[in-house]
Amino acid sequence: MFRIRIAELNVEIQNKYPFSEKFCREFAAEFSKPDITVFVTPEELEAERELDLYNSTNGYLECICIYRKIALELARFDAMVFHASVISCDGEGYAFAAHSGTGKSTHTDLWLRVFGERASVVNGDKPIFRLINGKWQVFDTPWRGKEKLGNHSSAPLKSICFLERGKENTIKPIGDAEAVSRLFSQVLLPNDPVMAEQQLALLDSLITNTPTYLLHCNMMPEAAIVSYQGMCGQKENNNETQ
């Protein structure tokens, strides 16, 4: 058993294999009472193995199950795991979501190259979004994707941008209906009806209170500038961003 703190929540993990504790060691914490307690049953581990394509170790599979079970508890705390890369730039969080292979990691790297010390990656793959005092915050977690991008930080959520590849870089705001359909593919909806209803209410709040955009982009540095300008509603001297 070990304990971590993520998204300002105390989580107790009753693990069987050492992999997860090593994986989460940066987030280790001491506390008297957990907000969430999770463990993985043999049946859940076996179900995960049936989906595994890479002959992964039991420890690795347990770690996947652990985060899924944490995710399914988060709605109770006005939070959710959101599949996206989140960049903090000038202290505000910009979330980029895309289908696998679209170039989310490449676009993240462009922001780091273009904006330099102004930008950092909060979490490169599975951050937690949490509504605190009426405002959405994004938090790093140990689950950072294959590039392992993250810096144990948080930021207020400025906007969400969905990426699609294009020859030219263009960005536009999208309406609530389109945002809903795109957001659903980035979250894990609980099977429990009560928890699912809570998460649907959270998604409604996220859409209502967070500007959402669609970016067609190539792999050139201009893509970062266009996306930043579009989400901030301002122009910026290209020389100042480099």
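Me: How many aromatic pairs does a search of the whole structure find?

Reply: The search finds 11 aromatic pairs. Two rings of Phe, Tyr or Trp (its six-membered ring) pair if their centres lie within 6.5 Å. The model is a predicted one: local features need pLDDT of at least 70, side-chain atom pairs count only at pLDDT 80 or more, and totals for chains, interfaces and linings use all residues. Residues are numbered from 1 along each chain as its sequence is written, and side-chain values use heavy atoms, with hydrogens and water left out.

Me: Why is the aromatic pair of Y94 and W111 called tilted?

Reply: Look at the planes. They are 45 degrees apart, and the centres are 5.2 Å apart. Under 30 degrees counts as stacked, over 60 as edge-to-face and the rest as tilted, so this pair is tilted.

Me: Which parts of the chain does the pair link?

Reply: Distant parts, 17 residues apart: Y94 is in strand β6 (residues 92–97) and W111 in helix α4 (residues 104–115). Helices (H or I, at least four residues) and strands (E, at least two) are DSSP runs, numbered from the N terminus.

Me: What makes W111 buried?

Reply: Buried means under 20% relative accessible area, exposed over 50%, partly exposed in between (1.4 Å probe, protein chains only). W111 has 0%, so W111 is buried. Y94 counts as buried too, at 1%.

Me: Why is the pair of F115 and Y228 tilted?

Reply: The planes of F115 and Y228 meet at 45 degrees, with the centres 5.0 Å apart, so this pair is tilted. F115 lies in helix α4 and Y228 in helix α7 (residues 222–232), so the pair ties together parts 113 residues apart in sequence. Both F115 and Y228 are buried.

Me: How do you know that H107 counts as buried?

Reply: By its relative accessibility of 1%. H107 is found in helix α4. Contact means heavy atoms within 4.5 Å. Beyond neighbours within four places in sequence, H107 is in contact with F96, L163, L215, C217, A223, A224 and S227.

Me: Why are α2 and α3 called roughly perpendicular?

Reply: Helix α2 (residues 42–51) and α3 pack at about 110 degrees, with their axes 9 Å apart. Axes are lines fitted to C-alpha atoms, for helices over the stretch in contact, and angles run from 0 to 180 degrees between N-to-C directions. Under 35 degrees is roughly parallel, over 145 roughly antiparallel, 65 to 115 roughly perpendicular and the rest oblique. The two helices are therefore roughly perpendicular. Their contact uses E44, L45, E48 and R49 of α2, and N58, L61, E62, I64, C65, R68 and K69 of α3.

Me: What strand order does the open sheet have?

Reply: The order of its 3 strands is β1-β2-β3, with mixed pairing. The edge strands are β1 (2–6) and β3 (36–39), each pairing on one side only. Two strands pair if DSSP finds at least two bridges between them. β1 and β2 run antiparallel, joined by 5 bridges. Strand β2 (residues 9–14) and β3 run parallel, joined by 4 bridges.

Me: Which side chains along β1 are buried?

Reply: F2, I4 and I6 are buried and point to one face.
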